[in-house]
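Good morning, and thank you for coming.

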Amino acid sequence: MKKLKLLHRNYFWLVKSHMNFRKAPLLMKMITFILFWGLALPSYSHTSYKLRRYDQQEITVSGKVTDESTGQALPGVNILYKGTSTGTVADKKGEYSISVSERNATLIFTFTGYVSQEIKVGNKTTIDVALIVKPGALNEVVVVGYGTQKKSSVTGALTSIKAEDVQDIPVGDLSNALAGRMSGVFVNQASGVPGYDASIRVRSVNTWKSTGNDPLYVIDGIISDKQSFDAMDFSEVDNITVLKDAASGAIYGARAANGVILVTTKTGKLGKFQLSYNYSYTDDKPSKIPQYVGARDMVKLENYMRTGVGLPVAYDPQEVAYFDKNDPALAWHSLTARNPTLNRHTLTASGGTEKVKYFISGSYFDQTAAVENVDFKRYNIRSNLNVDFTKNFSGFVNMQYSQGLNERFSYWNGGVGFSIDPDLGSIWGRTLYYLPNAKPETSDGKFINPGWIGNLVGFIEQGGTETQNQRNVDMLIGLTYKVPFVDGLLLSGKVSPTYLATTVHQLDKKVTIYDVAHQGSNGAIYTDSIIGSQKSAYPSKEKYAESQEITTNYQLDFSASYIKKFRKHNFDALAVYEQSEGKYDYFYGARENFPLVQTGQFWATSSSRTDSYVDGTQSENGRASYLGRIFYNYDEKYFVNVTTRLDGSMLFAPGHRWGTFPSVSGGWIASKENFFKVKFIDYLKLRGSWGLTGNDAVGGWKWQESYSVNGDYLFGTTPHPRLQYDGIINPDLTWEKTREFNFGIDSRLFKNILFTAEYYKGHNYDILDTRTVSLPSSFGGTLPPENYGIVDTHGYELELGYNGNFGKVSYGVKGNFAYATNKVVLQDVAQNAQNVDNPNGRSTDYVSMLVSTGIIRNQKALDALPPGYTIYGIKPTLGALNFQDVSGPAGVPDGRIDDYDRQVIKGKHYQNPYTFGLNLNARWNGFGANIFVQGITGISKLYNDGYGRRFFDGARPPSFWLNSWSETNPNAAYPKPVPWDYTRDNVPSTFWLKNSSYLRLQYVNLTYSLPRSICDKIKISNVTFILSGTNLFTITKFNYYDPAAADMNSYPTMRSLTMGANVVF
Amino acid sequence: MKAIKRLILAGSVLMLLFIVGCSKPLDKKNLAAINSDELWSNPSVAEAYVNDMYANLMPDNFVVPRYTEETMGANTDYNGGLTDYLKGTLTADTYGDWPYDIIRNINIFLAGIDNATFDVATKNSLKGQALFWRAWTYFRMVKAYGGVPLILKPQAITDSVFVPRNKTTECIAQIIKDLNDAIPLVEDMSSVGRIDKCVAMSFKGRVLLYWASPQFNRNNDVSRWTDAYNANKSALDFLNSMGKGLLDNYKDIWTKKMNEEVIMVKMHQYPDYTDGYSQAAMRPLVYSRDAVGGNVPSLELVNAYPMKDGSKYDPGTMDYRTFFQNRDQRFYASIAYNGAAPYIVPMFGNENMWTYFYDGDGDPSTGINGKESRADNDSKFGRDASNLYSNSGFYPAKMMDENITWDNVEDGQVDWIEIRYAEVLMNMAEAANEIGNTGEALSALYKIRQRAGIDAGLNGKYGITASSVPEVRQAIMDERLVEFAFEGLRFWDLRRWRIYSSTLNNLKDHYLHGLRIEWNGTTASRPSGLTDINTIWNQFTATVMQDYNPVIMLDEDKYSFFGIPKSISDRNSNIQQNNTWGGNFDPLQ
């Protein structure tokens, strides 16, 4: 009922314009509605309704009403002659004609979901109007768990975006598209590797654990996972809503403690067949390449480092002279580096009659990496079909297929696995520093043997391939029955089988590498003269392997909903039974050696039994849930929502399986009160909520005693199986729980300013974790997870938007800001632990390390150290870092720097406490601009590089080592370069802790839509061109590498330039 | 029509309800595990549980870390090549071995095995093996730290778990008790590497020898030596009765599987079982696939091998160009030196080992700048990466898989022999000497030397001149260094004799050494292939090279008992630190 109303809301305006619909008795309304329903539906192509005119004199004004953003005609827009009851409605082409009595008459253009416009007639007889979509319109409908709700009725904390908001952003997955757009939703993109998806966190981290923190993903009402979420193309997505507070999430009960991300896919809309095509091309460049010294400086630094500790030099004068002029090793990077590109094609078709509505989309996405032979492709097909079988009986079928294809060289991928290494085995970083003398190839392109490490270029180009193919088939079939004899009662059922298969094909090949003659007494100079060849040491065995991981699952839902309106009381009740079951299957097979030819097929491998091996595992899971909810409001002014969910999980022992997750929330639209007379506040709503959610992210079977076979042991010539005790069990294991209060304000000020604020306070208890340190090590064995931990969280979020016009330019500003923090109340702590190791009373990301007192710059400072002073057993030397000696085993300074001297570094965080985003957009005629700035602040990062903050001995050192201590440069910024174990300069200390806050111009997006006139000529509804730049620049004090990257050699994030076009037929 | 539609509708709804009614979504099975009842009813399952102890506890390590004078600056020119033990940076956190998770698993088994429902013979055999492994694990800790908490049953969380350290005497008593309990339960002799009576009795001898040694026995309580003697003597008697003994040829100990010398063993096999042992590091890098510096013999070790006539090699008077002449068989079986006979033919080809330097570019003005291929990875293309790989000029030949190829250097099939007959014999000899049975000690030494191919000499003493107790003690110490080189005993021997610091401090200039051999002839005439080193030795020069960094030893007490790491004491304030590391625990009690 509700849905129908929405779809046809346009027609209400027709009626409303000449009769006061709202005040009509219910019966009248029904009759009018049904009458209109009958009139409107059969002929969508009705001509414009010329409504009764009071007077036919003077001026006739006509024109066309369009959507400002899409340029498309807006049929059904209501046009009112201000101060009279005269009005008209735009026809299906958006055209209208109205007569007014005088020149200074004003026309009011109103349309649901759009900002009203008033235009003076003046001398014009043609007035074309482009209406602007209402920003975050309060009367819009938002998706909530198990249904939708008018935004004005929402009492919890949620935030949402529409597909249009992100459709022009050139990223491969949805996660990245969300970055910085929603307050309280944190997206961390640590790597730009194709096919690697950013992680998403909602609000504060509420546990110290690094796993089980993912929000719950729900796609079209089916509980899903991050993998399926990332497999979607955003052309399929209608909107994404994030349930942030516990009250909104409680309807998802046991898995909602980390927030819920609801995705709704597009459905067909009543109307003619519409086809649209989108293409974009992106050119990427690494946003930041870490700086390493050139060969000249490397040679000098290396020799200085070695002579400094009494070792012979690594480069003799001939070699020094050579590297003064040559830097052959730069080719490791230049030969393997590529400028990545993205290509994306999307084709969607949609439309519908009153009986059948359809949405069909297909997309293709192809992204290459900054290293050659790494490619990611994704194909998506979706078909969403809604059918009304009879008056009371309707159904829908959604089907989607997606395929993600990762192809890459197999070197250093760590065997066959399903996780996409976000770092490509650090290979991108390694090409910058790993082999500083050797050149990769002879001048005629033969791979040079640079020693035991092997030839990276050779491995990338000829070392075999690893192909990961992920295929996902999801179906969703639902039936809805409107019970005819009980008004407002709706029964529905749906079932969703899903199938996810990941296949990995891995071909490992040895590469032929050539020995060349060297020059220089250290052989540092590689010549072109070949004196031999060999097969590379890596891989140890040439092999072909295939593995397959299949997850099948289904979810089944039965629900009954009942909507009742009784005077000013509005009830909307829902009851659902839900169950799901799944099975996981893994199989791996490999065969080594290729007797004939090296190709990625089993027939090509050795058929000897000793050259092959297989492996596999299986597991099952199941869940069952009951849930109920009541939305109640009085006069659309006072709102109360109550939900509860009973969740059953096989992860826990019988008797501990069922958990109840209730929530209650309320809202009050104060601005609707008669006494509310604050002029500049157009709308004000206060909300409050309390809810309980859970988290069951714990491995299964921890409640049941078991033993498992774990490898074997050889007796004689026969391997005998080994059996391992799976550990102490905990039959009392149950959910981890989070209860949270949330208070929110929604308001509209000065007509165009939208303001939302949230404050929350969460209490996460019964945290499931293994206590390890509070028992002595002599206890032995691992304890099972227990429900014991407590973490408190709190934070606030602000969103502020403004939309306005400046002549023909319309513009909008939207900012969001979030603060999130937490505090551990109860976590396992060792009995005899130092205070610095006690996590209790501290945030989960508190920083503890040595406090550096800086470099020991002169002999005086060295002599001032107490006799016998050591730093982790090593005597301090000139140019080394020194640290504060604050404690020892006896609790007092002991003249030894060791773990006892670590301190809590107050005010520092590893996770971002403050995040903000700012979005600016402007439109003028067909032009549009969209700018997005994102920042995080209050965060620190422990600098790290490939050699763990040590001097890069034997490799190309980072550039900052040029400013390192020496007797002639005693005031240098960095310590004296020494071989890796001569000092303990590298231990985590405040010296290496750097502020990694940043402000990033996330993107600038420019669009241009062809004018109506041209489109009409070429018989195309709309053509839009897109030019977009992503990750354009970053302002940060952290200048070693991208502050979002894990470390110096991580695969970088990309700076992109995208061109594209969108054509609607 | 309508009726049919309704029927279909009703039917499909009923069908869905049927599906729901039939499935029990929460009723699932753990597909990856074995039910706990099986452990106590199925002897194969119980045996598999005990097999896990073998996998967790049986040593299988061929590569001796740089703890002793056996190896020289293997692969780096930094003192990183030396361990914390040898460069004076040992701290209480350095040595961490606290395997109570394994002890718990053993205790679980010992607590339940008596009530198992399968046959008594299997129960006894498995129980004996588990008792042995518990003794083994406790001894591993006690020899490092002194007394440790004695936990003999699987604790519940509700027990008083903050157990303090037991006295060392209590721990040793428990270890001996477990072994005494195990000995009658295990089989007499296993042919497949299970713990048998031979192993348990021999190990008991080893434990009591340590207990009698100065590390634990500062007042030289002779009764402890007597206990050690008796245990080793009865072990030997039993071994003899089982047909165990010294193998004729020293080299064959690691080529003949399960020969009569093998007592406690970790078997390795490849390729039909992927449990080969990596020997990669113990050869020139070019043959090793990414691993270097394992067991590179130092000149100190090389010099310790006796001459064929049993006399000592005297570097003061002898010529390093001929050091390889007239040594005992153990020398040739253990050391790959410049000109040594082919020792891994499938990999190296049928060529002698050449590790010399020569004038690589044939230009006398640039001096000796080449290196023969075996000496170094890169030398065959004229690169002298002298700061890598073997700086001593030697490689290990002992315990190498003779059939290994370049492709499978990680997959050696040599078994790791943790206890062999010779050790029991030497253990007995050492204890015998301390209780005054010098003759018995010497005759054991003679047996060892006889097998090493040393001439008996006119006096039948195999070159041994020792006669007093201290002299024989020294002779035994010297013999153990070479007899058991790279077998993982030296570090623990030096500690138990409390001569670790002094031995390494007595190195010349506090450095370990190697030899640099240079070819003095022309580049073209340099030796290769099977050229007999004995015919050309005088065309080489041999220079003693020292390691890049000196050995810095701490006080002997720091080594006798290691400190308890902070990570252990943090979790239990009842754990006292050793008195040699600033605490109150006396490990001598």
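Predicted model: local features only at pLDDT ≥ 70, side-chain atom pairs only at ≥ 80, totals over all residues.

**A buried pair in chain A**

I begin with A:Glu578, which counts as buried because its relative accessibility is 4%.

Which residue forms a salt bridge with A:Glu578? The partner is A:Arg645, and the closest N and O atoms of the two are 3.1 Å apart. A:Glu578 belongs to strand S27 of chain A, residues 569-592, while A:Arg645 belongs to strand S29 of chain A, residues 638-649, so the pair ties together parts that are 67 residues apart in sequence. A:Arg645 is buried as well, with a relative accessible area of 1%. As a general point, side chains of opposite charge can pair when their charged atoms come close.

**Salt bridges within chain B**

Let us turn to chain B. B:Glu418 and B:Arg206 form a salt bridge, with their closest N and O atoms 3.0 Å apart. B:Glu418 lies in strand S7 (residues 416-420) of chain B and B:Arg206 in helix H7 (residues 197-212) of chain B, so this pair ties together parts that are 212 residues apart in sequence. Are these two residues buried or exposed? Both B:Glu418 and B:Arg206 are buried.

Another salt bridge joins the side chains of B:Lys308 and B:Asp455, at 2.9 Å from N to O. Here both partners are in loops: B:Lys308 in the one between helix H9 (299-304) and helix H10 (329-334) of chain B, and B:Asp455 in the one between helix H13 (438-451) and helix H14 (469-483) of chain B, so the pair ties together parts that are 147 residues apart in sequence. B:Lys308 counts as partly exposed, at 36% relative accessibility. B:Asp455 is also partly exposed, with a relative accessible area of 37%.

Salt bridges that share partners also build one network, including B:Glu261, B:Asp328, B:Arg330 and B:Lys398. Over all chains, the count comes to 74 salt bridges.

**Chain B as a whole**

Chain B has 19 helices and nine strands. Of its 589 residues, 59% are buried. Among the contacts in chain B with a separation of 6 or more, 71% are between residues 24 or more positions apart.

**Helix H3 of chain B**

One helix deserves a separate word. How far apart are the end C-alpha atoms of helix H3 of chain B? They are 21 Å apart, which agrees with the 21 Å that its 15 residues, 43-57, should span at 1.5 Å a residue. At the N-terminal end, B:Asn42 caps H3(B), with a side-chain oxygen 2.9 Å from the backbone nitrogen of B:Ser44.

The buried residues of H3(B) include B:Val45, B:Tyr49, B:Met53 and B:Leu57. In general, an α-helix has 3.6 residues a turn, so residues three or four places apart point the same way. The buried residues of H3(B) pack against elements of both chains: strands S32 (706-715) and S33 (718-725) of chain A, and strand S1 (34-35) and helices H2 (37-41), H4 (100-112) and H5 (120-145) of chain B.

**Where the two chains meet**

That brings us to the interface. In chain B, 87 residues are in contact with 93 residues of chain A. How much area do the two chains bury between them? The value is about 7600 Å², 59% of it on carbon and sulfur atoms.

Three salt bridges are found across the interface of chain B and chain A. The side chains of B:Lys28 and A:Glu581 meet in a salt bridge, at 2.7 Å from N to O.

Which elements give two or more residues to the side of chain B that touches chain A? They are helix H1 (2-22), S1, H3, H4, strand S2 (262-266) and helix H19 (566-569) of chain B. H3(B) gives the most, with nine residues. By class, this side of chain B has 39 nonpolar, 23 polar and 25 charged residues.

**Two loop residues in chain A**

I close with two loops of chain A. A:Asn392 sits between strand S20 (374-388) and strand S21 (393-409), and is buried, with a relative accessible area of 16%. Its contacts beyond four places in sequence are A:Thr480, A:Tyr481, A:Lys482 and A:Pro484.

A:Gly520 sits in the loop between strand S24 (512-519) and strand S25 (525-535). A:Gly520 counts as buried, at 19% relative accessibility, because the limit is under 20%. Leaving out residues up to four places away in sequence, A:Gly520 touches A:Asp316, A:Gln318 and A:Glu319.

Notes. Residues numbered from 1 in each chain as written. Chains lettered and ligands numbered in written order. Heavy atoms only, no water. Helix = DSSP H or I, 4+ residues; strand = E, 2+ residues; numbered from the N terminus. Expected span 1.5 Å × (residues − 1). Buried < 20%, exposed > 50% of the residue type's maximum accessible area, 1.4 Å probe, protein only. Contact = heavy atoms within 4.5 Å. Polar contact = N/O pair within 3.5 Å; in protein donor to acceptor, adjacent residues only side chain to side chain. Buried area = accessible area lost by both parts, 1.4 Å probe. Salt bridge = Lys/Arg side-chain N within 4 Å of Asp/Glu carboxyl O. Nonpolar A, V, L, I, M, F, W, Y, C, P; charged D, E, K, R; others polar.
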